[in-house]
Amino acid sequence: MFLPHVHARLLLGAAALAASACLLSVETYGARSDAARRQAGAPGALRGPYLGQRPPGLKPEVFAPGVISTGIFERDVAMTPDGREFYFSAGFRAVTTIMVTRLRDGVWSAPEVASFAADPAYFYMEPCVSHDGRRIFFLTTRPRAGQAPKPGWGNNSIWAADRNGDGTWGEPYDLGSPVNGPDLTYFPSITRDGTLYFSRAKAPGKDSAIYRSRLAGGRYQEPERLPDSVNGTGLIYNAFVAPDESYLIAGVDGREDATPPKRANYYVFFRNADGTWTSGANMGPAVNDPANTQHSAYVSPDGRFLFFSSNAPAEPAAPSLKGLTHARLVELNSSPRNGNSDIYWADARIIQELRRAGR
């Protein structure tokens, strides 16, 4: 889910892009991914872990440009434990859904709409795969039983789908109470033992806080609000939790130690041996570019890579018109770092270095 001012600004920005971007985006995989395919080592195919992309260092890089990060709005990474399915949220104007690419016979498929997120009447985003790969959680605006449909992000609740015997996903279903309720519930993240972390708010961008619900006897228990060391400063949202519950990464809006101050930044909160939490360490300028907006973070199942979304642009806000051509405008509009959200990745040592620094 977005903070309301961020959500409105980004959707309006996307709508203001030239209409040609919509036409180009449907051709993205075929027309924009030649370089990425060549990196995979065979013409016309992406092979190997992480869509055949060269692993990054501590400096973040755009992930799979022209394939995953394409110039439309992309965020929210999730992967299966074996790394063979890669999910992400994608949107353009009135469409927001979850995409998936799969490694089959050594080749990654072109991204397609996930089966559980195919109803265009509702928004779908923020996928989260369980650590056995048998269940996927996600945010949807689809009304729960007894709820009336609402425009935009009026409904926000966590739904799930279970894996069928043939590897496909079953029908999506409401996760139900006590996780879902009258408040807005969004951004699921799950630990190895099944504990579900999520965000909850009375209204978009109002009193957002991180909760967790323990799994006992196959049922989620009454959620508990995390302590003020996590929830007490600024507006926190969209928390990814480590499989062993040793840390969480979230966006926080309004803290004085942000760059610039009070801007939404990514923070990592470490869990101490006694179960308490640290007050959060700013993840630094490599992740928190002053020009970007923070939406969501994720760490790969093998613990090697940090993924996060950012809308930091590559071009100045008002570039010189000298020598500018229509073709260049179209290229900028249909490429990563055009002001829409892209997915970045970096070596996850960033997290452990912050822990060793005692932050």
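The model is predicted, so local features need pLDDT of at least 70 and side-chain atom pairs count only at pLDDT 80 or more, while totals for chains, interfaces and linings use all residues. Residues are numbered from 1 along each chain as its sequence is written, and side-chain values use heavy atoms, with hydrogens and water left out.

The protein has seven helices and 23 strands, where helices (H or I, at least four residues) and strands (E, at least two) are DSSP runs numbered from the N terminus. Of its 359 residues, 54% are buried, a word that stands for under 20% relative accessible area, with exposed meaning over 50% and partly exposed lying in between (1.4 Å probe, protein chains only).

The structure holds 16 salt bridges, each being a side-chain nitrogen of Lys or Arg within 4 Å of a carboxyl oxygen of Asp or Glu. Three of them are listed here.

| Salt bridge | Closest N and O atoms |
|---|---|
| R163 and E85 | 3.1 Å |
| R102 and E112 | 3.3 Å |
| R144 and D174 | 2.7 Å |

R102 is buried because its relative accessibility is 14%, whereas E112, with a relative accessible area of 38%, is partly exposed.

S310, found in strand β22, counts as buried because its relative accessibility is 2%. Leaving aside neighbours within four places in sequence, S310 is in contact (heavy atoms within 4.5 Å) with N292, T293, N340, S341, D342 and Y344. The side chain of S310 also reaches the backbone nitrogen of A312 at 3.1 Å.

L321 lies in the loop between β22 (305-310) and α6 (326-333), and L321 counts as exposed because its relative accessibility is 69%. Together with L324 and L329, L321 makes a nonpolar surface patch of about 290 Å². Such patches are made of residues with over 30% relative accessible area and no salt bridge, like charges being joined within 9 Å and nonpolar side chains (Val, Leu, Ile, Met, Phe, Trp, Tyr) within 5 Å.

Notes: Areas by Shrake-Rupley, 256 points an atom, 1.4 Å probe, with all protein chains shown as cover. Polar contact = N/O pair within 3.5 Å; in protein donor to acceptor, adjacent residues only side chain to side chain.
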